[in-house]
Amino acid sequence: MTITTRQMNRRSAGLALGALALGAMAPARAQTATHWPTKQVRIINPFPVGGGPDGTSRLIADKLARLWSQPVIVENRPGGNGFIAIDAFKRGANDGTDIIQLDNVHLAAYPHLFKKLPYNIDKDFEVVLPLFRTFFFVCVAMDSPYKTVADLIADAKARPGKLNYGSWSVGNPVHLGSALLESLTGTKMEHVIYKETSQLYTSVATGELAFALGSSGTAGPLARSGKVRFLAVLAPHRLKGYEDVPTIAESGGPANAIVTGWNAFAVSKSTPAAVVEKIRSDTMKVLAEPDVQPKFQTFGYENYFPTPQEFKTFMVDENKRFGDVIRRANLEL
């Protein structure tokens, strides 16, 4: 087919107009993320008001509100293993203006613990970034006969099923961390459940419990007041502010008994990639502000800034580790 000069001119004009149209659309698409959000943002929190995770939510929300020039509210929906909050999130906005703060057990443990979950991690969440992490201490009473983790393990092996430890539910980080310690040391101990964390650590102080795992935020006040002792921290290094507390390996325990708690922000899987990246980068900005880390330390938290790929790898490892512990302990619900 022969194409005339007039047809060529028309075609060139059409291509030029198309290019102009695409050029005009490109800034608009870019502005979607640049000027996001254009309305109130909600952080849905499965934790009760007043605790460490709630405190971090409110600190971050206040700073993001200033950065975004839009209200950022924290909505607490505790209870039901976090499922109440997750249900509210799933019924919410899918443009990034509804953010949910999740615990590591929601993402790494519950898929192994519950036969049926009211959410699908891969379909319902786009995990944006971790907010903080905390390591757990092995807590005993001040007059406990155990001076090291090796002492505790030796007694547990000598008296199978006689030593007890506590937590506030089945499947929380403290319970699963204790089950990990059992698994790695080949011991069998009794798990005692308490309704309140304050009651849990008081029972450690009185000797009702042989030990419990606790963070700086939960058990730290009793340690500072001389009512409990920290035998070790289940971490690969000693923690700032607790340099006198040995690591689990230094205290005679298994070096791979590392127990962390962490929270992460997630949004709907339908959220545009540019918005996800904006939430991630802007949240990292506020987490890096100089007044954040001292406030986090009051809760026993530390900043954690992996790259997106490093965090994905970390979550895969956490998922496998929790899965192994749950299967070995036959904890499926």
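Predicted model: local features only at pLDDT ≥ 70, side-chain atom pairs only at ≥ 80, totals over all residues.
**Exercise 1.** Leaving aside its neighbours within four places in sequence, which residues is N263 in contact with?

- Step 1: N263 belongs to strand β10, which covers residues 260-267.
- Step 2: Once the neighbours within four places in sequence are set aside, the contacts of N263 are F47, P53, Q101, L102, D103, P130, L131 and F132.
- Step 3: With Q101, the side chain of N263 makes a polar contact of 2.8 Å.

**Exercise 2.** Decide whether N263 is buried or exposed.

*Solution.* The relative accessible area of N263 is 2%, and buried means under 20%, so N263 counts as buried.

**Exercise 3.** Name the buried residues of helix α3 and find what covers them.

*Solution.* In helix α3, residues 83-90, the buried residues are F83, A85, I86, A88 and F89. Their cover includes the strands β1 (41-45), β3 (98-103) and β10, together with the helices α4 and α5 (121-124).

**Exercise 4.** Describe how helix α4 packs against helix α12.

*Solution.* 
- Step 1: Helix α4 (residues 104-113) and helix α12 (residues 308-329) have axes 8 Å apart, and they pack at an angle of about 40°.
- Step 2: Because of that angle, α4 is oblique to α12.
- Step 3: The crossing of the two helices, α4 and α12, is right-handed.
- Step 4: From α4, the residues N104, L107, A108, A109, H112 and L113 take part, and they meet M315, E318, N319, F322, G323, I326 and R327 of α12.
- Step 5: Sorted by class, this contact of α4 with α12 contains seven nonpolar, four polar and two charged residues.

Key. Residues numbered from 1 in each chain as written. Heavy atoms only, no water. Axes fitted to C-alpha atoms, helices over the stretch in contact; angles between N-to-C directions. Helix = DSSP H or I, 4+ residues; strand = E, 2+ residues; numbered from the N terminus. Parallel < 35°, antiparallel > 145°, perpendicular 65-115°, else oblique. Left-handed = near helix turned anticlockwise from the far one by under 90°. Contact = heavy atoms within 4.5 Å. Nonpolar A, V, L, I, M, F, W, Y, C, P; charged D, E, K, R; others polar. Buried < 20%, exposed > 50% of the residue type's maximum accessible area, 1.4 Å probe, protein only. Polar contact = N/O pair within 3.5 Å; in protein donor to acceptor, adjacent residues only side chain to side chain.
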